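This report describes selected features of one protein chain.

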Amino acid sequence: MRLLLLLLTALLALLAQVRAQQDYCFGKDTERLQTRQFSSKTAYQIVKGTNMDKQYQVPGCEPKKMWIFHRHGTKLPSKSFIKEASRLDDLRDLIVKNYRVLHTKPDTNALCPGDLIAIQMWKWNTSITVDKDEHLTSQGYEDMRGTAKLYQHYFPTVLPNRYNDSYYLFRHTDTQRTTESFKGFAQGLFGGSNVATAADIPEKDLLLRPYDYCSFYKTKNYKGPGSEHKKYRTSALWNQTMEDIARRLGFRVLAEDDIKLMYDMCRYEQAWQVDRTSVWCGAFLPEHVTVLEYADELKYYYGSGYGFDENRRFNCRAVQDMLSRLSSPVSPHVVAYFGHSAGLQTLLVALGINEDKAKLRADNFNANRRWKTSLLGPFAANFVAVKYSCPAELDPEKVVFFLNQNAVDLDWCNVGLCNWSDVLQKYKTISEANCDEYYCPTGGAAGRASMLATALIAAIVYLIH
């Protein structure tokens, strides 16, 4: 009998070991494909294009001009996140307690031993304080330096390594992260002793932050009650995912705020050090990340994407600037702007890039959607328009649009190569618009109310006469 018990105990131990080996282990996953699904907190190095060798050369053509809109590089979290970060110490200890003391480890989809130990060893970086909120990180600086050097490698005649203030035009928004991003980009082009300067920042920055001055943009419901984002976060899929994550960590119930805190820490740390792994990413299975990503997707899709038709108009000035700068035969030959995710996303929408046929909704999740913020707008995302001269062509002026080092494939262009005349025709409505009225019609909702009042008064006057 004793021998039988010993054999049974050994068998159970062996089964437990086999089951543990079958549990997903982020630390041992060599691909970690879910790190490509971190929405606007995705690391640029993980999703940037790799085919520029085949895309930048245009036979019979010479690159002449370049226009760039660059999102800032990887940054530190917001003040609110930094203030809440100490909660992660509590969650770390509770998870370890669940596994080691309370023995509430789930039978399936548990943390593997390696991921559990990694969480147990984690500590918050106390040098990240509220006075450094949203500052550019060292990785973010390298992101920008790297994109500059890469584009200079492919377009050395357009991006000379000697600074000239009439040839180059740089401008950034009034934030530390965009200011430092500009400096990193300039260092990539001109070296450590660069003397590049940026244009003055206007008090009302309608070119790089137009959304700050439009009431509709500020008041539209893109994530509140009744929004697709909110509907999704009350769906059966979402609720089940929250339960699954809690159970994976040994909890019966876990607050969504705690799950979001761990998820954001995972995304930030992975972006801060792309060659390492964030221990908090081990808290989530790949399928959990897919569900979490779509919540952010709906928020950005309606906040700055194709969700609202008005979003197509917000970057009127940036489109006009690009068209006029690239059309002009005189300097500056290189224009580079350093802004934010909302600016980049509304620019892509204005240009009709990566629009899905069906609008994204809470109930029509599509893994193959074209609008995917993780790929379109990661940290250090960049949109680059390169103007070419092709003397032997019937239409001698061409342009290729690049997004994160991938040529943009527009259905009215030839495998990414567009006739400049077609570009001007395609965006004629924007190029000829009065942006003061077009980008945010008469001040948005308040303006529309004023227009209705004016029309009503006119109708009354007409009836009186």
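Two strands are taken as paired if DSSP finds at least two bridges between them. The model discussed here is a predicted one.

Strand 5 spans residues 397–403 and is mostly covered, with 6 of its 7 residues buried.

With strand 4 (residues 382–389), strand 5 runs antiparallel, and 7 bridges join the two. Within this pairing, Glu397 of strand 5 stands opposite Ser389.

Strand 7 (residues 417–419) also pairs with strand 5 in the antiparallel sense, over 3 bridges. Here Lys398 has Asn419 of strand 7 as its bridge partner.

The pairing of strand 5 with strand 6 (residues 406–407) is antiparallel as well and comprises 2 bridges.

## Disulfide links

How many disulfides does the structure hold? The model contains 6 disulfides. When the bonded cysteines of the protein chain are numbered in sequence order, the pairing reads 1-3, 2-8, 4-12, 5-6, 7-11, 9-10. The table gives the sulfur-to-sulfur distance for three of these links.

| Disulfide | S to S distance |
|---|---|
| Cys25 and Cys112 | 2.0 Å |
| Cys214 and Cys440 | 2.0 Å |
| Cys316 and Cys435 | 1.9 Å |

A disulfide joins Cys25 and Cys112, whose sulfur atoms are 2.0 Å apart. This pair links distant parts of the chain: Cys25 lies in the loop between helix 1 (2–22) and helix 2 (44–47), Cys112 lies in the loop between helix 5 (87–100) and helix 6 (113–121), and the two are 87 residues apart. The link of Cys25 and Cys112 is right-handed, with 50 degrees about the S-S bond. Cys25 counts as buried because its relative accessibility is 14%, a value judged against a cut-off of under 20%. Cys112 is likewise buried, with a relative accessible area of 3%.

In the link of Cys214 and Cys440, the torsion about the S-S bond is about 75 degrees, so this disulfide is right-handed. The pair connects distant parts of the chain, 226 residues apart: Cys214 is in the loop between helix 8 (176–190) and helix 9, and Cys440 is in the loop between helix 19 (435–438) and helix 20 (445–464). Both Cys214 and Cys440 are buried.

Why is the disulfide of Cys316 and Cys435 left-handed? The torsion about its S-S bond is about -70 degrees, and the disulfide is therefore left-handed. This pair too links distant parts of the chain, since Cys316 is in helix 14 (residues 316–327) and Cys435 is in helix 19, 119 residues apart. Cys316 is buried, with a relative accessible area of 1%. Cys435 is also buried, with a relative accessible area of 5%.

Helix 14 also holds Ser324. Ser324 is classed as partly exposed because its relative accessible area is 43%, and that class lies between the 20% and 50% cut-offs. Ser324 and Leu424 are 100 residues apart in sequence, while their C-alpha atoms are 9.8 Å apart in space.

## The largest pocket

The largest pocket has a volume of about 1,300 Å³. Which of its 46 lining residues are the closest to its centre? They are Lys41, Lys223, Lys260, Lys299 and Tyr300. By residue class, the lining divides into 15 nonpolar, 10 polar and 21 charged residues.

At least two residues each come from helix 4 (79–84), helix 9 (215–219), helix 11 (236–248), helix 12 (256–272), helix 13 (286–303) and helix 15 (341–350). Helix 12 gives the most, with 10 residues of the lining.

Methods: Residues numbered from 1 in each chain as written. Predicted model: local features only at pLDDT ≥ 70, side-chain atom pairs only at ≥ 80, totals over all residues. Heavy atoms only, no water. 1 Å grid on protein atoms, 1.4 Å probe; cavity = no way out; pocket = protein on both sides within 12 Å on 5 of 7 lines; lining within 4 Å. Points joined across faces, edges and corners; volume = space filled by probe spheres on them. Helix = DSSP H or I, 4+ residues; strand = E, 2+ residues; numbered from the N terminus. Nonpolar A, V, L, I, M, F, W, Y, C, P; charged D, E, K, R; others polar. Buried < 20%, exposed > 50% of the residue type's maximum accessible area, 1.4 Å probe, protein only. Disulfide = S-S within 2.5 Å.
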